[in-house]
Amino acid sequence: MDWRMSLKLYSHPLASYCHKVLIALYEAGTEFEPLLVDLSDPGEHSRYLDVWPVGKMPVLRDEDRNETIPESSIIIEYLQQHYLGAQLLPIDPATCLQARLWDRFFDLYVHEPMQKIVFDSFRADDDKDHVGVLAAQQRLEAAYEMVEKQLSGKAWMVGEHFSIADCSAAPALFFASILVPFKFDQLALRDYFERLVERSSFRRVLVEAQPYFENFPFHDKIPQPFLTMTL
């Protein structure tokens with residue numbers, strides 16, 4: 001069996017953590033079989049629990065190695081060890097530690113508060129967590145300031161080379177900036193985001209997500225260029 005086709009990725013084109021893994025796969029040109037999971041379908045959700053009982057995405061299934069790997073960061077590290085041609089975890093230990101740090105930063109301080117705001121939008125009006133949403137917005141603003149400082153003199157989050165940190169940053173900043181826009185004077189952050197959008201791997205992810213944007217609760221705030229973007 002061709003090892004490339006033994007890789008199956010359970011994901012959804014609108015899920016930001018899935019975007020993170022897709023970027024890594026596209027960076028390296030690694031072949032895999034995408035398996036779209038619709039968690040809103042009770043039957044499909046139930047079947048997916050047999051793959052990963054926690055029920056979250058993405059999950060990578062490696063048939064050849066008989067491995068099931070959850071969690072976006074762990075999936076990227078697994079791919080780096082066994083399949084990826086792109087060096088998304090820097091070889092230098094100190095730089096690698098920084099890449100891991102910023103990967104976790106975007107997951108915890110951008111992805112997480114962004115999802116808090118999104119998920120709260122589905123709640124009934126009398127059950128909305130206004131205090132929690134405000135705290136999430138403030139956390140995003142603080143995160144933007146930290147990213148702005150980190151990017152000083154850098155093309156990517158940990159220097160001159162695209163890494164796992166940038167895989168994490170791209171989808172997190174894309175969705176977060178729709179909810180809490182960058183400040184006008186955050187020039188390094190704005191330029192960085194433009195570089196991310198122009199990166200062919202992330203651009204492909206966004207193009208693939210276009211048919212699903214209407215399901216995003218804040219789809220009316222998505223800038224028009226992202227709705228008509230092409231490869």
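The legends below describe close-up views of a predicted model.

**View 1. Packing of helix α1 against helix α3 in the predicted model.**
Helix α1, which spans residues 16–28, packs on helix α3, made up of residues 72–82, at an angle of about 15 degrees, and the axes of the two helices are 9 Å apart. With angles under 35 degrees counted as roughly parallel, α1 and α3 are therefore described as roughly parallel to each other. The crossing of this pair, α1 and α3, is right-handed. On the α1 side the contact is made by Tyr17, Lys20, Val21, Ala24 and Leu25, which meet Ser72, Ser73, Ile75, Ile76 and Leu79 on the α3 side. By residue class, the contact of α1 with α3 comprises 7 nonpolar, 2 polar and 1 charged residues.

**View 2. Packing of helix α1 against helix α6.**
Here α1 packs on helix α6, residues 164–179, at an angle of about 140 degrees, with the two axes 8 Å apart. Angles over 145 degrees would count as roughly antiparallel, and the relation of α1 to α6 is therefore classed as oblique. The crossing in which α1 passes α6 is right-handed. Ser16, His19, Lys20, Ile23 and Ala24 of α1 meet Cys167, Ser168, Ala170, Pro171 and Phe175 of α6. The residues of this contact of α1 with α6 divide into 6 nonpolar, 3 polar and 1 charged. Lys20 and Ala24 are listed among the α1 residues that meet α3, and both are also listed among those that meet α6.

**View 3. The salt bridge between lysine 20 and aspartate 103.**
Lysine 20, a residue of α1 that takes part in the contacts with α3 and with α6, forms a salt bridge with aspartate 103, in which the closest N and O atoms are 2.7 Å apart. Because lysine 20 belongs to helix α1 and aspartate 103 to helix α4, residues 93–120, the pair ties together parts that lie 83 residues apart in sequence. Over the whole structure, the search finds 14 salt bridges.

**View 4. The open sheet and the pairing of strands β1 and β2.**
The sheet is open and is formed by 4 strands in the order β2-β1-β3-β4, with mixed pairing. Its edge strands, each of which pairs on one side only, are β2 (33–36) and β4 (67–70). Direction ignored, neighbouring strands of this sheet are turned against each other by 20 degrees on average. Strand β1, residues 7–11, runs parallel to β2 and is joined to that strand by 4 bridges. Within this pairing, leucine 36 in β2 is the bridge partner of serine 11.

Conventions: Residues numbered from 1 in each chain as written. Predicted model: local features only at pLDDT ≥ 70, side-chain atom pairs only at ≥ 80, totals over all residues. Heavy atoms only, no water. Axes fitted to C-alpha atoms, helices over the stretch in contact; angles between N-to-C directions. Parallel < 35°, antiparallel > 145°, perpendicular 65-115°, else oblique. Left-handed = near helix turned anticlockwise from the far one by under 90°. Contact = heavy atoms within 4.5 Å. Nonpolar A, V, L, I, M, F, W, Y, C, P; charged D, E, K, R; others polar. Pairing = 2+ DSSP bridges. Salt bridge = Lys/Arg side-chain N within 4 Å of Asp/Glu carboxyl O.
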